[in-house]
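This note is meant for a colleague opening the structure for the first time. Please keep the sequence and the model side by side while going through the numbered points below.

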Amino acid sequence: MSPTGWSRMRALSFVVSVLVFLCTTDVHGDELTVLQAPEFVSFQKGHWPISGEKIPDLVALTMGFSVQEDLSWPGLQAGPLFQRPRANVLIVVRGADGLALPQGVASYPLENPVPFTLDSVAETVHSLFAEDTPVVLQLAPSEERLYMLGKANAVFEDLPVTLQQIRGRLSQDGSVLATLPLNSLSRNAEADLLFLSEIQVLHDITALLQRHRHLAKDHSPDLYSLELSGLEELSRVYGQDSPQYRDAIAILSSVLQKFGEDVYGLYGNSAVVEVVTVKNFEAPVTRKSRSILESKQISNPGSPYNLAYKYNFNYAVVFNIVLWLMIALALAVIAVGYNLWNMDPGYDSIIYRMTNQKIRMD
């Protein structure tokens, strides 16, 4: 090949490498990545860290719900008041050191990665849309932990939950083992089966949603919370430098990309899909300090001090309602009293006016 041809080949390979770099985002360590989001949920791109304990508040705000404490984080801006996504899907990947996720909406570093749950968001969805029976699904296959609410009880009743059920599902027709490039992963090792079981659960969720497409057309928002710990088990058994761990990273990255695109399309491009990657969870330091304060307060119930009751976040709302209602009633009483004081009975009152005419006629 001529020198000109070699230079063209090098330039072409450079362009391809640049395009691959732009189309993928390497998520290293603890990070929050927004894979999919509608246009009215405005995530701002930037290097703004977010605390792990604020993830439930972030999910609630993306769904249009209010939170007790304001989230002073510039990554999410206020959107339209009358538009909310139809679903929010949060996937927590434990033991992930690096995921080549697609170029999503935005990505933010995660600090203070403490364990969290979306129980508060699930309770809000259930309380506000109890009559519409929304889908609420919280699943952790490694811990065999499942929480379903609303229409999820009917839709996901065939979803394998326990590890024994999921492993039985892997040997059935339509299993992911027939389509995934396992490479160094084994079908007989316990750690490998745990990882493959979680991949099978993601595949079954999208299959059930495609079968029940009417769920994405109702007016109640749906909530999905999935926790995957197969990578953490592979890292513990084989190590992060092992070929099994690297193959699992490649498989999970492609599966998460397809899962996000499928869910986003099923909900009519009106779903938020987030992925939280953590190496390992840390103990919540703030919760420990709170528990110490609470134990001191409970240990001395007969305190002679006149301590105030626990602060309620609705106090400011109730106080303003009572205050302005009293002011409005006081102004109304003053206006009525003023008008009565300056009233002319002969002209302003029909009773005195008729009486006055009767007297004149007599």
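Predicted model: local features only at pLDDT ≥ 70, side-chain atom pairs only at ≥ 80, totals over all residues.

1. The strands concerned, β4 (residues 87-94) and β10 (residues 271-278), run parallel and are joined over 8 bridges; two strands are said to pair if DSSP finds at least two bridges between them. Helix α8 (residues 243-266) packs on the sheet here, touching β2 (31-36), β4, β9 and β10, and its direction makes about 170 degrees with that of β4. Such angles run from 0 to 180 degrees between N-to-C directions, with axes fitted to C-alpha atoms, for helices over the stretch in contact.

2. Residues are numbered from 1 along each chain as its sequence is written, and side-chain values use heavy atoms, with hydrogens and water left out.

3. Taken as a whole, the protein has 12 helices and 10 strands, these being DSSP runs numbered from the N terminus (H or I over at least four residues for helices, E over at least two for strands). Of its 362 residues, 41% are buried, where buried means under 20% relative accessible area, exposed over 50%, and partly exposed in between, with a 1.4 Å probe and protein chains only. Among contacts (heavy atoms within 4.5 Å) between residues at least 6 apart in sequence, 78% join residues at least 24 apart.

4. The open sheet holds 8 strands in the order β3-β6-β2-β10-β4-β9-β7-β8, and its pairing is mixed. Because β3 (50-51) and β8 (145-150) stand at the edges with a single partner strand each, one side of each is left without a neighbour in the sheet.

5. Strand β7 deserves a separate look, since 6 of its 6 residues are buried. Val135, Leu137 and Leu139 lie on one side, with Val136, Gln138 and Ala140 on the other, and both faces are covered. With β8 it pairs in the antiparallel sense over 6 bridges, and Val135 stands opposite Gly150 in β8. The two strands form a hairpin with 4 residues between them, and Glu144 in the turn has a positive phi of about 55 degrees. With β9, strand β7 pairs in the parallel sense over 4 bridges, and here Leu139 stands opposite Leu226. Helix α6 (residues 190-211) lies across β7 (135-140) and β9 (222-228), at about 165 degrees to β9.

6. How many salt bridges does a search of the whole structure find? There are 7, each defined as a side-chain nitrogen of Lys or Arg within 4 Å of a carboxyl oxygen of Asp or Glu. One of them joins Arg94 to Glu227, with the closest N and O atoms 2.9 Å apart; since Arg94 lies in strand β4 and Glu227 in strand β9, the pair ties together parts 133 residues apart in sequence. Arg94 also meets Glu232 at 3.2 Å, N to O, and this pair links strand β4 to helix α7 (residues 230-237), 138 residues away.
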